[in-house]
Amino acid sequence: MKKFLLFTLKILVLTILTAVVLDLLYTAVYLQSNKREKIDYVYNSKGRNYDVIFLGSSRANNHFVAQMFEDKGLKTFNYGISGSHLFESALLLKLMEERHYKIKNLILEVDLNLSNESRSDGITAKVVPYIHHSEIVKQHLSNEKDFNLLYYMPFYRYITFDSRIGFREIYNTLIQKRTNNLDNLGFYALGKKPNANMKNNIIKLNPLPHNKYYEQIKQICRDNKINLIAVMTPMCEKTKGINYFEKVKALYPEIHNYENVVIEDKYFSSCGHMNNAGARLFTARILKDFFNK
């Protein structure tokens, strides 16, 4: 029995040591990465200057053509991330602040994400490698139910989010294999899909009256003298529950409602996402309304 307990203890110690070593190795690779994702592009940077940046979900990533702003002489980048929530948008802005970015205008896509304060596991996975190296990341995740495991258990975060930051991703990061996430100044154009579903149902969605992360973004902008332009972007005309956008406007009158400025199906790749032609039409409207001078 004594030999068995001793053997078990040795295995346990070896497992912990292996986890610690792997944790350090994986983290070291991510601390050098800035070519694959928008999060590491921000984390491993400092002091960028922008006239305009975009934050939000895929409805920012696919809807704001950054090059059209650049053509007007405005230094611009689209930091919208498909699948992200306001949880991640607030964190990304905090990281920019930590790195002393100078931002004149922030165009924030808020609409559907005002209905929740949850994190997106797929996007949060890209942040957890930095949890021991950034006080901002640590604080932002501190109220999550799995924070103690993510922070204190070595290698746990890499196992939990293996599909996002596990062996395959660490290998691609190590060899500096590029993705298209940073191409076209962060804008990802969608094509026209002939058989796309042009119906949507958002009847069950309701905006929260004081969304925690939207309020954080507003406060950061006030503190750093950033001109915040919060917008709701278009959806196809056959959307059920379209009065959601009116509910948002009632709760947050400062948010600009552009839900119906592009409505024809020919401008959409899916009901909630415009194609390249629709994005250009929409971006031109934003430029006209806010940057005409």
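The following legends describe close-up views of a predicted model.

**View 1. A nonpolar patch on the surface.** Eight side chains are named in this view: L6, L9, L12, V13, I16, L17, V20 and L24 form a nonpolar patch on the surface. Together these residues have about 710 Å² of accessible area. One of them, L6, is placed in helix α1, which covers residues 2-30.

**View 2. The salt bridge between R157 and D23.** R157 forms a salt bridge with D23, and the closest N and O atoms are 2.8 Å apart. R157 belongs to helix α9 (residues 156-160) and D23 to helix α1, so the pair ties together parts that are 134 residues apart in sequence. R157 is buried, with a relative accessible area of 1%. D23 also counts as buried, at 7% relative accessibility. In the model as a whole, the count comes to 14 salt bridges.

**View 3. The salt bridge between K126 and E37.** In this pair, the closest N and O atoms of K126 and E37 are 3.4 Å apart. The pair links distant parts of the chain, 89 residues apart. K126 is found in the loop between α6 (121-124) and α7 (135-141), whereas E37 is found in the loop between α1 and α2 (38-43). Both K126 and E37 are buried.

View 4. E264 forms a salt bridge with K266, the closest N and O atoms being 4.0 Å apart. E264 counts as partly exposed, at 41% relative accessibility. K266 is likewise partly exposed, with a relative accessible area of 43%. Side chains of opposite charge can pair when their charged atoms come close.

**View 5. Strand β3 and its two pairing partners.** Strand β3 spans residues 102-109 and is mostly covered, as 6 of its 8 residues are buried. Strand β1 (residues 49-55) runs parallel to β3, and 6 bridges join the two. Within this pairing, I53 stands opposite L106 in β3. Strand β5 (residues 227-232) also pairs with β3 in the parallel sense, over 5 bridges. Here I107 stands opposite I229 in β5.

View 6. Helix α13 comprises residues 244-251, and its residues Y244, F245 and V248 are buried. Seen down the axis of α13, the buried residues fall within an arc of 100°, so they line one face of the helix. An α-helix has 3.6 residues a turn, so residues three or four places apart point the same way. The face of α13 turned away from the buried side carries the exposed residues E246 and A250. The elements covering the buried residues of α13 include α3 (58-61), β5 and β7 (256-257). Among these, β5 is also the strand that pairs with β3 over 5 bridges.

Technical notes. Residues are numbered from 1 along each chain as its sequence is written. This is a predicted model: local features need pLDDT of at least 70, side-chain atom pairs count only at pLDDT 80 or more; totals for chains, interfaces and linings use all residues. Side-chain values use heavy atoms; hydrogens and water are left out. Patches are made of residues with over 30% relative accessible area and no salt bridge: like charges are joined within 9 Å, nonpolar side chains (Val, Leu, Ile, Met, Phe, Trp, Tyr) within 5 Å. Accessible areas come from the Shrake-Rupley method with a 1.4 Å probe; for residues, only the protein chains shown count as cover. Helices (H or I, at least four residues) and strands (E, at least two) are DSSP runs, numbered from the N terminus. Buried means under 20% relative accessible area, exposed over 50%, partly exposed in between (1.4 Å probe, protein chains only). Two strands pair if DSSP finds at least two bridges between them. The arc is that of the directions from the helix axis to the C-beta atoms. Contact means heavy atoms within 4.5 Å.
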